[in-house]
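Okay, thanks for having me, everyone.

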Amino acid sequence: MTEMSDKPAYIHHVNFPTTNPERTIEWYSKVFGMKYIKPKSNTKVVLMTRGNFDLHFTPVEEMDRMAPYHFAVEVEDWEGFLAHLDALGIRHTRVITRPENNSQFCYIHDPDHTMIELVFHARRAYPPVRQAAPAAQAAQAGANSADEARAELAAAESR
């Protein structure tokens, strides 16, 4: 008999509102290297994947204030990611270092003002981070499924 578990495996995705789906696809593609997944149904929800996590965005007419709600993204190369943001012209809050574990964090906002915490744990081992296609290509290409998008991200990483 198979043993049942009451423990979740991982968070599959989170869903946020967006007032402009095309802008959201472009922004998350260039900032986080995410890939747009074309939905198989007639849903208006924007499906994005990074390979190791997914984000969904539901179109809305206007945004409700979301603060203090946010999500956090662990980055592999702190200085490199901050330089990436700088090159894109994306401002971030002051960087704070937590002395108890030498981690660093700051916040950015997407075009709809969704707050995103960027986190770096210097003493933590990192899983491999997949490299995505260039932003414009990722935004326009669109995979047909999350598995296909993950495969495309893995193929891009091996190039």
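**A quick tour of the fold**

Let's start with how the chain holds together over distance: of the contacts between residues at least 6 apart in sequence, 61% join residues at least 24 apart. Keep in mind that what you're looking at is a predicted model. The chain has 159 residues, and 35% of them count as buried.

If you trace them along the sequence, you get β-α-β-β-β-β-α-β-β-β-α-α.

Now, how are the strands arranged? One group is an open sheet of four strands, with the order E1-E4-E3-E2 and mixed pairing. E1 and E2, which is residues 35-37, sit at the edges with a single partner strand each, so one side of each has no neighbour in the sheet. From one strand to the next, the twist averages 30 degrees. Helix H1 packs on this sheet and touches E1, E2, E3 and E4, and its direction makes about 5 degrees with that of E3.

Let's zoom in on the pairings. E1, residues 13-18, runs parallel to E4, residues 54-59, and six bridges join them. Val-14, for example, has Leu-55 in E4 as its bridge partner. On E3, residues 46-49, the pairing with E4 is antiparallel, with four bridges. There you'll find Val-46 opposite Phe-57, and Thr-49 partnered with Asp-54. E3 and E4 make a hairpin with four residues between them, and Gly-51 in that turn has a positive phi of about 100 degrees.

E6, residues 96-98, is joined to E7 by three bridges, running antiparallel, and Ile-96 has Phe-105 as its partner in E7. Those two strands form a hairpin with four residues between them, where Asn-102 in the turn has a positive phi of about 60 degrees. E7 also pairs with E8, again antiparallel, through seven bridges; one spot to look for is Gln-104 opposite Phe-120.

What's packed inside? The largest nonpolar core has 25 residues, and the ones with the most contacts inside it are Tyr-28, Phe-32, Ile-108, Ile-116 and Leu-118. Elements giving two or more residues to this core include H1, E5 (70-74), H2 (78-88), E7 (103-109) and E8 (115-121). H1 gives the most, with five residues. Take a look at Phe-32: leaving aside neighbours within four places in sequence, its contacts include Val-73, Phe-81, Ile-108, Ile-116 and Leu-118.

Last thing: how confident is the predictor? The mean pLDDT is 84, and 79% of residues reach 70 or more. Among the elements, H1 (residues 21-32) has the highest mean at 98, while H3 (residues 135-141) has the lowest at 45. Across residues 125-140 the pLDDT is below 50, although in the model this stretch has 36 contacts beyond near neighbours in sequence.

Technical notes. Residues are numbered from 1 along each chain as its sequence is written. This is a predicted model: local features need pLDDT of at least 70, side-chain atom pairs count only at pLDDT 80 or more; totals for chains, interfaces and linings use all residues. Side-chain values use heavy atoms; hydrogens and water are left out. Buried means under 20% relative accessible area, exposed over 50%, partly exposed in between (1.4 Å probe, protein chains only). Contact means heavy atoms within 4.5 Å. Two strands pair if DSSP finds at least two bridges between them. pLDDT is the predictor's confidence in each residue, from 0 to 100. A nonpolar core is a set of buried Ala, Val, Leu, Ile, Met, Phe, Trp, Tyr and Cys residues joined through side-chain atoms within 4.5 Å. Axes are lines fitted to C-alpha atoms, for helices over the stretch in contact, and angles run from 0 to 180 degrees between N-to-C directions.
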